[in-house]
Amino acid sequence: MKQEAIIESILSAAEARGSEKTFCPSEIARELFPKDWRAHMQEVVNVAISLQNQGKVLITQKGKAIDLNDIKGPIRIKGV
């Protein structure tokens, strides 16, 4: 149930922003888990990685696509 909610929230945010605007994974975590969102950040990132592997979103850093096997620092998500 939780993973489906994360998928839905990421895809909804990506669609709402379009392919030009990005959002932080923390926005999804804060929306779904307001009391302990930090504890769910890795889970949100993992779902975003899965969605990128399916071609549904793009994960970026400083405006550029990144190597998903070497994520360091803050990332952004955007629709494709």
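Where does glutamine 3 lie? Select it and you land in helix 1; helices here are DSSP runs of H or I with at least four residues, strands are runs of E with at least two, and both are numbered from the N terminus.

Before moving on, some ground rules. This is a predicted model, in which local features need pLDDT of at least 70 and side-chain atom pairs count only at pLDDT 80 or more, while totals for chains, interfaces and linings use all residues. Residues are numbered from 1 along each chain as its sequence is written, and side-chain values use heavy atoms, with hydrogens and water left out.

**Stop 1: glutamine 3**

Glutamine 3 is partly exposed, at a relative accessible area of 45%. The scale runs like this: buried is under 20% relative accessible area, exposed is over 50%, and partly exposed is in between, using a 1.4 Å probe and protein chains only.

**Stop 2: the rest of helix 1**

Select residues 2–17 to get helix 1. Its 16 residues should span 22 Å at 1.5 Å a residue, and the end C-alpha atoms are 23 Å apart, which agrees; the expected span is 1.5 Å times one less than the number of residues.

Next, colour Ile6, Ser9, Ile10, Ala13 and Ala14, which are buried. Look down the axis of helix 1: the buried residues fall within an arc of 130 degrees, so they line one face. (The arc is that of the directions from the helix axis to the C-beta atoms.) An α-helix has 3.6 residues a turn, so residues three or four places apart point the same way.

What do the buried residues of helix 1 pack against? Show strand 1 (22–23), helix 2 (25–32), helix 3 (41–53), strand 2 (57–61) and strand 4 (76–79), with contact meaning heavy atoms within 4.5 Å. On the face turned away from the buried side, pick out the exposed residues Glu8, Glu15 and Ala16.

**Stop 3**

In helix 2, highlight the buried residues Pro25, Ser26, Ile28 and Ala29. Viewed down the axis of helix 2, these fall within an arc of 155 degrees, so they too line one face. Their cover includes helix 1, strand 1, helix 3 and strand 4.

Then hop to histidine 40, in the loop between helix 2 and helix 3. Is histidine 40 buried or exposed? At 11% relative accessibility, histidine 40 counts as buried. Show Lys2 and Phe33 alongside: histidine 40 is in contact with both, leaving aside its neighbours within four places in sequence.

**Stop 4**

Switch to a cartoon and find the open sheet of four strands, in the order 1-4-2-3 with antiparallel pairing. The edge strands are strand 1 and strand 3 (64–65), each pairing on one side only. Two strands count as paired if DSSP finds at least two bridges between them.

Zoom in on strand 2, where four of the five residues are buried. Strand 2 pairs with strand 4 over four bridges, in the antiparallel sense, and leucine 58 stands opposite lysine 78 in strand 4. Strand 2 also pairs with strand 3, again antiparallel, over two bridges; here glutamine 61 stands opposite lysine 64 in strand 3. Helix 3 packs on the sheet, touching strand 2 and strand 4, and its direction makes about 120 degrees with that of strand 2. (Axes are lines fitted to C-alpha atoms, for helices over the stretch in contact, and angles run from 0 to 180 degrees between N-to-C directions.)

Back at the hairpin of strand 2 and strand 3, two residues sit between the strands, and lysine 62 takes a positive phi near 55 degrees.

**Last stop: zoom out**

Show the whole protein chain: three helices and four strands, following the pattern α-β-α-α-β-β-β along the sequence. The C-alpha atoms fill a box of roughly 30 × 25 × 20 Å, taken along the principal axes. Of the 80 residues, 36% count as buried. Among contacts between residues at least 6 apart in sequence, 45% join residues at least 24 apart.
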